[in-house]
Amino acid sequence: MSVRVAGLTLASPVLVASGCGGTGRELAAYAPLSTYGAFTTRSISRDARPGAGGPTITETPAGLVHATGLPNPGLDAFLATELPWLLTEGARVVVSVVARDLGEYAEVARRLATAPGVSAVEVNLAVPDAAELGVLDAREPFHVGAAVSTVLRELPRGVPVLAKLRADPVRVAETVRVAADAGAAAVVLGGALPAALPDGRPAGLSGPAIAPLALRCVADARSALDAAGADCDVVACGGIGSPEDARHALDRGAVAVQVGSALFHDPTTAARTAAALSPDEGA
Amino acid sequence: MSPVHVTAEVLASKRIGAFQHVTLVAPGVGERFRPGAFVAVSVGTGGYHLARRAFWIHQVRPLGGYAATVTLVVQPRGEGTRWLAGRQRGDRVEVTGPLGGRPFALPKEPVPVLLVGEGYGAAPLFALAERLRERDCPVNLVLGAPDEAHLLSALEARRTARAVTIVTGDGSVGARGSVADVLPEALRRSGAAVVYAAGPATTLHAAALAAEEHGAWSQVALEQRTTCGTGLCLGCPVPVVGEDGVARTARACTDGPVVRGDRVRWDDLARGASA
């Protein structure tokens, strides 16, 4: 079932969420990467980040609390090794990015602009412990708008920007309007909610625990964007763990879904959801 | 070889000492197995437990008409391990495996080896011992535990190994003390060129140190808590030093679980620090 998302034509409305597909190699063991509408990379920063020391993820009822510290090899290493490999595997690649400030966002985007094979850029504005991690803290909607427009300005036409936002139903309407005004072709709802590890370290909460909040965000975002007449898609994320979850989100106005932490429970979740949503399966 | 995700069936579940030995029919898992590999099991039902539990593959053998059943050693401690230990014959369990990007590396020459294990963590050493024996490596074994109930398969160990040293914290079997106490002597007596260790981090560290002092290589099977076991979640960081001497963070699941003992930054591991 091909689908239009943020101006792109994708083979499936089921995408792999950022930070949940490893480097791609690990996930490719269970299904070809072309199975998914797109593979969203873990968030890539200009410089390599080693990530936090363990334990960085703990289980909580119906969810995970995580503070991995955004480990990644840095933009140069990613572009030299991981991106070409993903492309040879037939993946549509959405590169998730984080940066310290707007200047660094611009620099990262400039370098991505000349990298072949980047289908879209997802700006990770849902980092729950941003201040701790030294990345831009998109606490206010205007931060979201500034980051989106900064990245968009550096990219060639045809490479859309997706804004990944936390699943905060209280501010979602105003935040998505700002993202759309800044030029985001889609908003991804919802990233992790601010939480804490048992020892008090700042962390994010993801998984089925936030699914009802994320669903509310999807519906409210769609209404707000429609009311504003904005040409901006909504991609659902957060607790999507089954074809049924995906259908709920699509019914609430999402054009696609991202499957994330459910892959930690069963690495075939996204592939099975994609198959179930394909008309070939009689779904 | 690539892992598979399958619905496995419990063929047998036996209480042995403090452990539950759970044998699964998991098509494709046992066939791909190499010593040091593990499986990730989804626990419970209804998706309330998103994180999975990792278990060493203890044995792969033909049983009940199946070519390659997989036996796991479970020490019931938390909710997940208790759930798996409570599964009965015929129950179904979601399993991914065999996992681990780097299982134990086997020596090319038939050199003497020392295997060091503690508690249920010693589980991956037994299949390793068999592989090493097939390669004509003289196998020496040190097995430790707090007490007899937590000592894994000591009888079986005596069948596969040339020399077995048993040590328990309370002295109920073998010598009283810890694995670290007996390592220098076991290394000297075995003349081991390679030390393979599996168990808690303190035991691995002791084995790596003893090996280094003895001039032997060490391979340690890290037992980090992993959320997914598959390399996706980035949740099992291990501080290591690369071949180039630069500090890095590896993933216990896919960059391990077996790493060279002299590559682990043990103090950072104990502190929970990264590069």
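Me: How many salt bridges does the structure hold over all chains?

Reply: This is a predicted model, and the count rests on its side-chain atoms. A pair qualifies when a side-chain nitrogen of Lys or Arg is within 4 Å of a carboxyl oxygen of Asp or Glu. Over all chains, the number of salt bridges is 28.

Me: How many residues apart in sequence are the parts that A:E104 and A:R46 tie together?

Reply: A:E104 and A:R46 form a salt bridge, with their closest N and O atoms 3.7 Å apart. A:E104 belongs to helix 3 (residues 102–113) of chain A, while A:R46 sits in the loop between strand 4 (38–40) and strand 5 of chain A, so the parts tied together have a sequence separation of 58 residues.

Me: Which residue of chain B meets A:E26 in a salt bridge?

Reply: Across the interface of chain A and chain B, the rule finds two salt bridges. In one of these, the N to O distance is 3.0 Å, and the partner of A:E26 is B:R251.

Me: What area do chain A and chain B bury between them?

Reply: The contact involves 37 residues of chain A and 33 residues of chain B. In chain A, the residues that lose the most area to chain B are A:E59, A:F264 and A:H265, together 26% of what that side buries. Carbon and sulfur atoms carry 59% of the buried area, which for the two chains comes to about 2500 Å².

Me: How many charged residues has the side of chain A that touches chain B?

Reply: The rule finds 12 residue pairs in polar contact across the interface of chain A and chain B. Helix 1 (25–28), strand 5 (57–60), strand 6 (63–66) and helix 9 (262–265) of chain A each supply at least two residues of the side that touches chain B. By class, that side of chain A has 17 nonpolar and 16 polar residues, and its charged residues number four.

Me: What is the largest C-alpha distance among the residues of chain B under the annotation "binding site"?

Reply: An unreviewed UniProt entry gives this annotation to B:C228, B:C233, B:C236 and B:C253. Of these, B:C236 is in the loop between strand 12 (217–221) and strand 13 (237–241) of chain B. The annotated residues are spread over 26 residues of sequence, yet they cluster in space, with a largest C-alpha distance of 10.1 Å.

Me: Where in chain B does B:P257, joined to B:G256 by a cis peptide bond, lie?

Reply: The peptide bond from B:G256 to B:P257 is cis, with omega near 10 degrees. B:P257 is placed in the loop between strand 14 (247–251) and strand 15 (258–260) of chain B.

Me: Which strand of chain A holds A:G190?

Reply: A:G190 is joined to A:L189 by a cis peptide bond, and omega is about 0 degrees. The element of chain A that contains A:G190 spans residues 186–191 and is strand 10.

Me: Which element of chain B has the highest mean pLDDT?

Reply: Chain B has a mean pLDDT of 92, and 98% of its residues reach 70 or more. Among its elements, helix 3 (residues 154–160) of chain B has the lowest mean, 78, and the highest, 97, belongs to strand 11 (residues 194–198) of chain B.

Notes
Residues are numbered from 1 along each chain as its sequence is written. Chains are lettered from A and ligands numbered from 1 in the order in which they are written. This is a predicted model: local features need pLDDT of at least 70, side-chain atom pairs count only at pLDDT 80 or more; totals for chains, interfaces and linings use all residues. Side-chain values use heavy atoms; hydrogens and water are left out. Contact means heavy atoms within 4.5 Å. Buried area is the accessible area (1.4 Å probe) that two parts lose on being put together, summed over both. A polar contact is a pair of N or O atoms within 3.5 Å; within protein, one must be able to donate a hydrogen and the other to accept it, and residues adjacent in sequence count only if both atoms are side-chain atoms. Helices (H or I, at least four residues) and strands (E, at least two) are DSSP runs, numbered from the N terminus. Ala, Val, Leu, Ile, Met, Phe, Trp, Tyr, Cys and Pro count as nonpolar, Asp, Glu, Lys and Arg as charged, and the others, Gly among them, as polar. pLDDT is the predictor's confidence in each residue, from 0 to 100. UniProt positions are given in the numbering used here, feature names are shortened, and annotations may be inferred rather than shown by experiment.
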